[in-house]
Amino acid sequence: MPGNLPPESASFVGRENELGLIHDLLRERRLVTLTGVGGVGKSRLALRAVTDARQARPDGVWWVELSPLRDPSLLTTTVAHAVGLADHSARPLDEELCAWMADKELLLVLDTCEHLVADCRHLVGELLQSAPGLTVLITSREPLGSPGETLVEVRPLPCEGPDSDALVLFRARALSATARAAAAFEDPERSAVAVEVCRRLDGIPLALELAGARLRLWTLEQMAERLGTRLDVLSGAPAALPPRHQTMRTTIGWSHELCEPVERLLWARLSVFTGDFDVAAARAVCAGGPLPASRVERVLAGLVAKSVVRCTDERGAGTRYRMLDTIREYGHDWLEELGEVRITADRHAHWYAALCQAADRGWLGPAQVDWYRRTTAEHPQLRTALEHLLGSDPTAALEMAGALWFFWFACGHVHEGRNFLERALRAAPHTGAAYTQALWALGLTTLLQGDLAASRELGLECTREAARLADPERELRAAYLHAVAVLMPGDPVRALELAGPRARAGHGGRTSAPGWLLCRLATGYALCDLQRYEEAAEEARALREACAELGERWLRAYADYILAVSALGLGHHGEAARHVRAMLSGKRLLGDRFGIALGLDLLAAAVAALGDGELAARLLGTGHAWWRTVGRPQMGSPSLTALRDQGERQAREAIGDAAFEAAFLGGAAASTG
């Protein structure tokens, strides 16, 4: 089943009645919202509910985590990316998302919406109106207030009696902290003390987890005594808060008091992270004063042991850490008390800005796939850093947004990239290499959106700025942008003048740098459009060889594409199919949806020419599904459209219209998740 559900981070206890109710509601109602206090287990309950096979949908179950999102303008982008829509059009993204979902039957989970209630209400309303097969499950501390919304209040776990769900959870967390705790739960008298602890904590799961972790150091009786005193003292403190919220807040405060001073300091500083992070980032951002960098990892391990920080090992991302929102909010209050909000946010932003510069330098190299995975994993932190820099250091924001050109252009974040780049260009000085780089990166996003007039203007402006800097690499990048902007609507002759061998030689520059390699790519495309296939193949082979020496995959896959188009044009259909399969392998590795769609059209043309009309039809159907996730079929290019139409024509001739339509529909049902 397609989807993107996160793994369950811990064992699940109880909730049978709630799960049964949610299962029924998700089959009968289109908008269900789980509400409740922070720490009560809304997200965990939602995840358990939608992982049940009964909630399967033909077009998948999709999870969108909103807790790291701070800018409401990025809500639609976040949802679109989560469901696999890497839209490249210039139309408003909410319109594209509504159109994409219109004929789908899927379940969408928006997790942690309380800080974006109005924006979620608006987007969900539009989506439900446009997509009759859509069901939405929300988790939030407060309702959306939408028409037709069904509310389910998630209450704390029952905590009365010797077999209560609260006691089961408390015991499980205590035993995971220390095996010595088993004796406390086996003795009936001491077990009664545990029941009292659960009752004192109102059965709130997060509070039970924090308390269970403390049994590494205390006996059950010590905990009951200290917890009782703490809750009695503070029971009337935040009188404006509901009682359960008071209990949760007080339990977190109690856990905070029991931390070592350096643990409290790290807890506060970690609150600047939105989403998850790695230990290198924690060390760089949070060290200072009584917490030297050499101690950060050890102190972080202490917070993990106390259940203040959660730790996961993710495939391709390594060990990652995160704090639940309720705990992070408490830490941020302390960061404000310490007067360190600005300096910690500055450190965070500049650490991730430096990471982007390193990613830019490493993109065209053997670590390209690793950088793709890392920037994807760090996406929430990159957003937070850019937002901060736009307000505090626009020049640094400009440098960071420009350095992320590959992330915007090659990894499917075109709308978001254009938004950040335009904002940074408005805020920062219009001089220097950072300005030229950001202009170029903006030009790449407009190119993919089909805003070719803007791309040509930006290409010309980049050319002028690069000449002013006397920088051959910037000139070559500008030449690529301008060349593709004239090539896509159908002017390969002008594209060749701008990016061909003579133009490249005139600029100079390193032949292994991005500008030169991208111009080779544009040259190959232009020569194919001019049907000069032998010359196109020569350019592509040289490009592929250069990429192989660099250990680079993204451009190398496009070199394979040009080799395939050339082979097809020369009548070498089997060779064309081999090249395009190599291209698709590289594109899947990097999640390049545009490249996958492009390759499927070409593979269909090759196998149709080989006489396999049924496979060609299926490939065209699958290609159609991938183009829909990009938003602009064949990017509006006459040559790409002609290639696709050629494959369809030959496939229909081979198997007939009825068989073609059946195979096409079968291919179109393929997952693009």
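Salt bridges and a buried strand

Visitor: Which residue meets Asp-592 in a salt bridge?
Guide: A salt bridge is a side-chain nitrogen of Lys or Arg within 4 Å of a carboxyl oxygen of Asp or Glu. The N to O distance here is 3.1 Å. The partner of Asp-592 is Lys-587.

This is a predicted model, where local features need pLDDT of at least 70, side-chain atom pairs count only at pLDDT 80 or more, and totals for chains, interfaces and linings use all residues. Residues are numbered from 1 along each chain as its sequence is written, and side-chain values use heavy atoms, with hydrogens and water left out.

Visitor: Is Lys-587 buried or exposed?
Guide: Buried means under 20% relative accessible area, exposed over 50%, and partly exposed in between (1.4 Å probe, protein chains only). Lys-587 has a relative accessible area of 0%, so Lys-587 is buried.

Visitor: Which class of accessibility does Glu-95 fall in?
Guide: Glu-95 forms a salt bridge with Arg-91, their closest N and O atoms being 3.4 Å apart. The relative accessible area of Glu-95 is 40%, so Glu-95 counts as partly exposed.

Visitor: How many residues of strand β2 are buried?
Guide: Strands (E, at least two residues) are DSSP runs, numbered from the N terminus. Strand β2 spans residues 61–65 and is largely enclosed by the rest of the structure. This is because the buried residues number four of the five.

Visitor: Which residue in β3 is the bridge partner of Trp-62?
Guide: Strands β2 and β3 (residues 106–111) run parallel, joined by five bridges. In β3, the partner of Trp-62 is Leu-108.

Terms used: Two strands pair if DSSP finds at least two bridges between them.
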